Amino acid sequence: MNQRIRKAAVLGAGVMGSAIAAHLANAGIPSFLLDIVPSELTEAEKKKGLTPESLEFRNRFAVLGKKKIQETTPAPLYLKEDAELITVGNFEDHLSWISQADWVIEVVVENLNAKRELFKKMVPFLKEGAVVSSNTSGISIQKMCEGFPRDFGERFLGTHFFNPPRYMKLLEIIPATSTSKSVVERMVEVGERILGKGVVFAKDTPNFIGNRIGSFTMSTVIRTMIEDGYRIEEVELLTGPVMGKPKSATFRTADIVGLDVMIHVAKNLVEGLPEKEGDYFKLPPFIHEMVKNQWLGQKTGQGFYKKVKGKGKEEILVMDYQKIDYRPQERASFPSVEAAKNIEDLRERIKTLAMSPDRGGQFTWKTMKKTLLYSAEKVPEIADDVVSIDRAMRWGYNWELGPFEAWDAIGVKSSVKRMEKEGDPIPPLVEKLLSKGYSSFYEKRDGRTLFFDLGAGQYQEIEEKPEIILLPGLKDRQKTVVSNPGASLIDLGDGVACLEFHSKMNSIGADTVQMLQAALKEVGEKFDGLVIGNQSENFSVGANLMLILFEIQDENWDDIEIMVKAFQDVLTAVKYFEKPAVAAPFGMTLAGGCEVCLACDAIRAAAETYMGLVELGVGLIPAGGGTKEMLFRSIEHIPAEVDADYLPFVRRAFETVAMARVSMSAKEAQKLGYMRPTDRISINRDHLIQDAKKTVLHMVKENYRPPRPKKIKAVGEKGFALLKMGLFYMREGGYISSYDEHVATKLAKVFTGGNLPDGTELTEQYILDLEREAFLSLCGEVKTQERIEHMLKKGKPLRN
């Protein structure tokens with residue numbers, strides 16, 4: 001069976017269907033987005049002269065779906081122009097288009113009969129070898145394909161994306177009993193390699209894995225809240241980041257998802273499970289009353305929270321579930337939470353909170369205990385192993401630890417003793433684990449992770465995929481070459497080393513610079529090439545601003561210059577290093593982190609890379625070579641023999657840096673000039689280090705030679721004057737402040753060379769000196785200090 005998906009068809013253009021089409025476009029896959037024909041014309045359509053035969057009317061729902069993905073925030077598309085890969089249509093006129101599709105994804109209303117009726121209509125048009133899947137969040141896959149031709153059953157399965165598909169890693173794959181092995185393997189390959197997903201195999205049970213455990217947790221939290229008299233604010237505090245859960249915690253998440261969706265998911269479990277188990281998922285009357293009132297969450301402007309205009313400012317009210325009315329929020333506080341907040345290690349934090357005797361600890365223990373026991377009870381009913389459940393909750397619900405990882409954190413033996421004392425039945429999985437003398441669901445041996453397998457009754461090694469390199473595992477296997485508190489050099493094998501940042505938020509300080517210097521020495525002597533990458537939450541947020549602020553406050557100008565010069569020098573050394581250096585950025589790649597990437601020969605970026613030179617937001621300019629690199633890159637596509645006007649290209653790069661633009665994807669980073677068109681993108685972040693390693697090896701095979709230093713012709717005083725004029729008009733128009741203009745003028749001098757004759761040839765070192773001079777002069781200004789302090793305190797730039 002041909003593995004490639006050249007074209008897809010998405011049947012259903014609602015929120016989920018259009019978002020799936022958007023993510024297919026992100027991966028470069030064209031798709032047809034089809035939906036039903038509306039039942040009648042709107043008044044607006046009548047005024048436009050449309051008739052029931054007009055395509056604009058008949059395609060209305062698909063057109064709206066496509067329009068929405070170009071307007072939604074956060075953006076479902078890497079680039080808005082990728083929407084051009086989506087062709088809209090309707091089921092009545094265009095269902096035959098699916099004959100061109102290698103993959104047909106059904107995303108219509110969650111109703112078994114509606115889905116089966118659509119399948120009947122589309123079967124005659126299916127292309128030979130095409131895969132058909134349903135994105136249902138919980139309806140039986142087997143019931144959907146019963147009674148259809150054998151070849152339909154063999155290529156049919158469930159592919160449950162989580163919303164929003166671009167950002168949520170989880171893809172649950174649910175085969176029917178008839179699904180062929182080759183189809184399953186094909187869709188795993190598509191999910192992981194093409195769409196960048198983390199694939200988990202789920203059993204064909206109600207709501208599969210993620211929504212089964214997630215719904216149970218939600219029911220448990222709500223029941224406990226009502227039974228024990230907790231306020232919504234208290235529950236949010238206890239079910240958010242302190243427990244390794246998203247900031248949206250429980251009820252903000254419900255508002256985002258929608259209370260109508262929440263009720264539908266719960267109803268599917270109530271109806272699909274045995275009565276005793278199903279009853280547990282019944283939601284309390286106050287939620288049904290809220291839905292009746294159309295208080296559905298964000299989509300209707302109010303749910304568990306409601307934003308209202310107060311005295312001169314907006315206020316967010318919260319639901320009083322006893323009165324079914326809104327009230328002002330009250331601060332929630334528990335001694336256990338205050339103590340836990342000071343514990344950086346999540347596992348230790350959860351353990352401390354769960355074992356605390358105050359009301360916060362009681363709530364945590366009670367809700368956590370029930371979720372752990374239920375999760376263990378459902379192995380192997382909903383999933384074959386604990387790994388699948390943990391991954392589903394981490395990848396689909398953004399939990400930092402899955403249920404079994406969390407159970408290990410609080411201690412399996414001690415917690416089970418407490419559960420038994422409280423009269424809770426212990427599931428067979430846990431009994432078998434303890435009877436074997438084991439004390440945890442996971443264990444590490446020789447840098448590899450093993451899990452306790454119920455069927456085997458012993459630990460099994462978690463399969464290591466060749467596409468994935470895990471840096472912690474390599475360090476456990478003694479592959480660290482050299483290390484300090486800020487960074488480590490790790491042997492990736494095959495002659496390639498990886499420089500891993502591991503300071504707080506991967507900020508760049510003296511340790512990072514020292515390790516960059518050490519890495520170049522070690523790689524120069526012992527390796528063929530270098531990857532600069534890590535597996536933290538973000539690649540790097542840039543320089544250590546706190547350190548810079550201390551030096552500014554102490555007026556250590558010479559020390560600041562030495563720091564900046566050292567960073568410039570080491571990144572220049574990276575650029576002209578005798579062996580290939582490839583950056584592997586992901587997540588936030590800002591300021592100095594971006595400059596590290598700009599210094600490398602090539603970039604292999606994760607698709608979700610948010611890259612930018614943001615220094616102007618704190619009243620500084622990029623001074624680690626970032627300004628210089630953006631200047632040189634802006635005109636490198638122009639042949640040397642062409643007598644071209646550089647100014648339009650220089651101005652574009654200047655505006656990108658002056659406006660502190662940050663890409664919202666790696667594709668946009670290419671568009672903004674932070675990445676070259678030749679730089680490659682990995683849609684699956686788990687594959688990033690391996691992909692970057694392959695890039696290094698390819699460069700070695702191609703007989704890599706370092707670049708030669710170049711000079712650039714300055715746009716000079718004429719260009720400087722034009723950039724300053726643009727800044728003047730922006731300030732006059734109220735778009736920027738006087739101080740913004742002041743800082744950007746210093747940046748303009750670096751980009752143009754300042755008051756030099758046009759065409760003056762400048763070396764890279766000359767530009768670096770201008771960078772450093774501007775940076776140091778700005779460090780001494782009061783408003784820059786204020787901006788840095790504000791950024792450190794609030795986490796966002798101050799505008800004044």
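Which residue forms a salt bridge with Arg231?

## Salt bridges

In this predicted model, the partner of Arg231 is Glu233, with 3.6 Å between the closest N and O atoms. Arg231 is partly exposed, at a relative accessible area of 21%, while Glu233 is buried, at 6%. Both residues belong to a network of salt bridges that also links Glu234, Arg327, Glu330 and Arg359. The structure holds 61 salt bridges. Side chains of opposite charge can pair when their charged atoms come close.

Another salt bridge joins the side chains of Lys575 and Glu764, at 3.2 Å from N to O. Lys575 is part of helix 26 and Glu764 of helix 34 (residues 764-779), so this pair ties together parts that are 189 residues apart in sequence. Lys575 and Glu764 are buried. Helix 34 also contains Arg772 and Asp769, three residues apart and therefore separated by about one helical turn. Arg772 and Asp769 form a salt bridge, their closest N and O atoms lying 3.1 Å apart. Arg772 is buried, with a relative accessible area of 10%; Asp769 is partly exposed, with 30%.

## Surroundings of Lys579

Lys579 sits in the loop between helix 26 (557-575) and strand 19 (581-583). Its relative accessibility is 16%, so Lys579 counts as buried, the cut-off being under 20%. The side chain of Lys579 reaches the backbone oxygen of Val523 at 3.1 Å. Leaving aside residues up to four places away in sequence, Lys579 touches Val523, Gly524, Glu525, Phe527, Asp528, Gly529, Asp601 and Tyr704.

From Lys579 to Ile350 the C-alpha separation is 45 Å, and the two are 229 residues apart in sequence.

## Nonpolar cores

The largest nonpolar core has 111 residues, of which Met122, Phe304, Phe404, Trp407 and Phe441 touch the most other members. Helix 18 (residues 359-377) gives the most to this core, with seven residues. Apart from this core lies another, of 103 residues, including Cys498, Val618, Leu688 and Leu776. In soluble globular proteins, nonpolar side chains tend to be buried together.

Beyond residues up to four places away in sequence, Phe404 touches Ser375, Ala376, Val379, Val386, Ile389, Asp390, Leu429, Phe441 and Tyr442.

## Cysteines

The structure holds zero disulfides. For Cys594, the nearest cysteine sulfur is that of Cys597, 6.3 Å away. A disulfide needs sulfur atoms within 2.5 Å, so Cys594 is in no disulfide. Cys594 is buried, with 0% relative accessibility.

Cys600 is likewise in no disulfide, and the nearest cysteine sulfur, again that of Cys597, is 6.3 Å away. At 4% relative accessibility, Cys600 counts as buried.

How values were computed
Residues numbered from 1 in each chain as written. Predicted model: local features only at pLDDT ≥ 70, side-chain atom pairs only at ≥ 80, totals over all residues. Heavy atoms only, no water. Helix = DSSP H or I, 4+ residues; strand = E, 2+ residues; numbered from the N terminus. Buried < 20%, exposed > 50% of the residue type's maximum accessible area, 1.4 Å probe, protein only. Contact = heavy atoms within 4.5 Å. Polar contact = N/O pair within 3.5 Å; in protein donor to acceptor, adjacent residues only side chain to side chain. Core = buried A, V, L, I, M, F, W, Y, C linked by side-chain atoms within 4.5 Å. Salt bridge = Lys/Arg side-chain N within 4 Å of Asp/Glu carboxyl O.
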